[in-house]
Amino acid sequence: MKKILQELNEEQRDAATTIDGPILILAGAGSGKTKTITTRLAYLISIGIDPASILTLTFTNKAAKEMRERALALIDNAIYPPLLCTFHKFGLLFLKFHISRLGRDSNFVIIDTDDKKRILKSFKPDLPLALIASEISKYKNSLISPSEAIASARLPNFKKIANLYQQYEEYLLENNLVDFDDLLALTYKILDTNEDLREETSKKYNYIMIDEFQDTNELQNLLIKQLCSTHSNICVVGDDDQSIYGWRGANVKNILEFPNTYENVKIVKLEKNYRSTKKILEAANNLIAHNRTRLGKKLEATKTEGEPIVVLENSDEQEEAHKIGEKIIQLISQGVRPSEIAVLFRINALSRSIEEAFNRLGINFKLVGAIRFYERAEVKDILSYLRVIANQNDDFSLKRIINKPKRGIGKATYEKLEKAAKDKDISVLKFLWEIEESELLGVVGKKNAKALLQFIENLKYLQNVAQDSLYNFIDEFEKTVELKKYYASLPDGFERIANIDEFYGMFRDYIKQNPENSLDDFINELSLQSDQDQIGGEGVAIMSVHASKGLEFEHLFVIGLEEGFFPLTGDGCDIEEERRLGYVAITRAKKELTLSYVKSRFYKGRRTHLEKSRFLGEAGLLQSSIKIEKKAAFKKGDLVKHKIFGIGRVIGVSKAGKEFKLTINFGGQQRDILSSFVERV
Ligand code: ATP
Ligand code: MG
């Protein structure tokens, strides 16, 4: 047997060595799904399949990076690496080569959610920006064009939104911008309307693998189908119990219907958990068993019983943060690496008390998510400069920096420039880039003209430096633009300068590691960074449950287990999705798990009394709640019905946590099923 397969169990090995045809690996948390596809990738390469013909997609850059490292570590000969990236990165690469099919230029710039909202704001809408932004996102993900949206909108607000959508699309086109949704939607559109390219692309990627398939949305699913249009060598892995992006349009249906979408799907089940202790796994299984809409999979521990799960009661958030901080200090003093410890929360607002306590106690931590580094104003300023240098159509970025540092260019002047550029039918930036001094004088007057010419001259100089070599670029940038000097004069300058320095450091690092890449590549790479990307290094990770997907930690703390916080309750909340989030949270823990709640929390300006989360009881962690439900009282000989397996007869009953494990005979096939998954018939 090949060495790389030795670490896998039989089922995992079966999946990893099945080369042709569609495969679905449907299995619970920590059962080695990611390990299996990583090994499969290495296996395919080890038997001589061209790495360039393998495409592996996942949801975060961090996951992609880890998978790549794991796979490459399994391969002896150094060969060029296979493409293993996020869906969005794939879209970006595709568009870089093929956006010309839509008549667009390949030097487009990617904008983030914050940029998107600022563009929408400039249309002065009378509806909340977040609402408009998310509706536009829905349109794009449903492949509805602005004109179709306008034609189908009935209610006045939706008519408004559809019109804003049109205006927004026009703006993106004019400035050659692409938003996150476009990365996938435009890719789809191009593949859909160009049969030759669809065939070529599908043939190019003859082996496709997808991790965390339960979180794909309809558009991603359609895209995958196009990539598989000439073959059906697709291997998807996922867990219906970990579908946590329903609010963003993810559709569990994709995984449930996979066996009907492709022909002759091989279904592989992994039923052993290699990550968590028995106690942790039992709590997770108990909790998720309360969901009705699930397939119900088996997942058994391979590890020992382990330490009891700690349920931590606190009077308020300060006590909670302090106790957790002290506990972490103790762990570290015992030799635990900080990167093996994490604190999770359901909503970002809860991270503050933890951050404060950790700062006070001198604990190194990494806050993942919250406000992303590159969404800070000063970092966006630098980024806008870089974009303007790389792309002379990007008026959106120009507007942000044309008067930063201050050079006396006010709103009125900008409007004059806009008008003059419009008359020539070019972008403001291009207008400035190409204009003669004498002509500019006529548009904005002497003082402003001088300032603008100096500004453009600086940009042109930096563009030259960038084209020449990016090694000196960032030093020349600061010398020319003097952003640090500008921020030093502002009240909170100190922190901002620290952020600028961090950015400059990051830039230098990037160039060192990717000497071949251009400024454009750097900008695009940065725009694709996601919440999880900042993990790593030696700090304790503090992050949302969403950001923790796919990760694992020896010691895990989940805070805020209170009704209203975890689960979130109220309008628009889905208790089953909350429970899946609870399941994801608990199953991140390998060895030690602490679940904490407070009796009162300061939130949105006032102190509120809180009840502890129902999830604690459902996970079987509260003494009073360990009672066996009536419906669970099954006995030998009962006839029962299971969603998937149909009708069977109970032939054995034993206790499993707070319910029963039933051994059932389904037409000759014997299976162990938890009692909450069957009904008596
Ligand atoms: P999740 O659902 O959380 O994404 P997963 O199913 O992808 O989990 P992995 O992250 O691949 O699970 O594996 C969980 C842990 O179990 C990892 O530490 C992995 O190295 C280990 N593991 C997986 N399979 C085996 C095996 N056959 N023998 C020993 N350890 C294993
Ligand atoms: Mg995984």
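**Figure 1. The buried residues of helix H27.** Glu-578, Arg-579, Arg-580, Leu-581, Gly-582, Tyr-583, Val-584, Ala-585 and Ile-586 are the buried residues of H27; buried here means that 20 or more other C-beta atoms, placed from the backbone, lie within 10 Å of a residue's own, while 12 or fewer make it exposed and anything in between partly exposed. That leaves the helix mostly covered, with nine of its 12 residues buried. Their packing partners are helix H14 (278–288), strand E12 (341–345), strand E15 (553–558), strand E16 (589–598) and helix H28 (614–618), where a contact needs C-beta atoms, placed from the backbone, within 7 Å. H27 covers residues 575–586 and reaches 16 Å from its first C-alpha to its last, close to the 16 Å expected at 1.5 Å a residue; the expected span is 1.5 Å times one less than the number of residues. Helices (H or I, at least four residues) and strands (E, at least two) are DSSP runs, numbered from the N terminus.

A word on reading these views: this is a predicted model, in which local features need pLDDT of at least 70 and side-chain atom pairs count only at pLDDT 80 or more, while totals for chains, interfaces and linings use all residues. Residues are numbered from 1 along each chain as its sequence is written, with chains lettered from A and ligands numbered from 1 in the order in which they are written.

Figure 2. H2 is mostly covered, 11 of its 14 residues being buried, and among them are Lys-33, Thr-36, Arg-40 and Tyr-43. Its end C-alpha atoms are 20 Å apart, which agrees with the 20 Å that its 14 residues should span at 1.5 Å a residue. Just after H2, look for Gly-48, which takes a positive phi of about 100°.

Figure 3. One joins Lys-404 and Pro-405, with omega about -5°, and Pro-405 sits in the loop between helix H18 (395–401) and helix H19 (411–424). The bond from Phe-566 to Pro-567 is also cis, with omega near 10°. Pro-567 belongs to the loop between E15 and H27, and H27 is the helix of the opening view.

Figure 4. Leu-143, in the loop between helix H6 (129–141) and helix H7 (146–152), has phi near 60°, a positive value in a residue other than glycine. With 15 other C-beta atoms within 10 Å, Leu-143 is partly exposed. Glu-482 is not a glycine either, yet its phi is positive at about 55°. You will find Glu-482 in the loop between helix H23 (473–481) and helix H24 (483–488), partly exposed with 13 other C-beta atoms within 10 Å.

Definitions and conventions:
Two residues are in contact if their C-beta atoms, placed from the backbone, lie within 7 Å.
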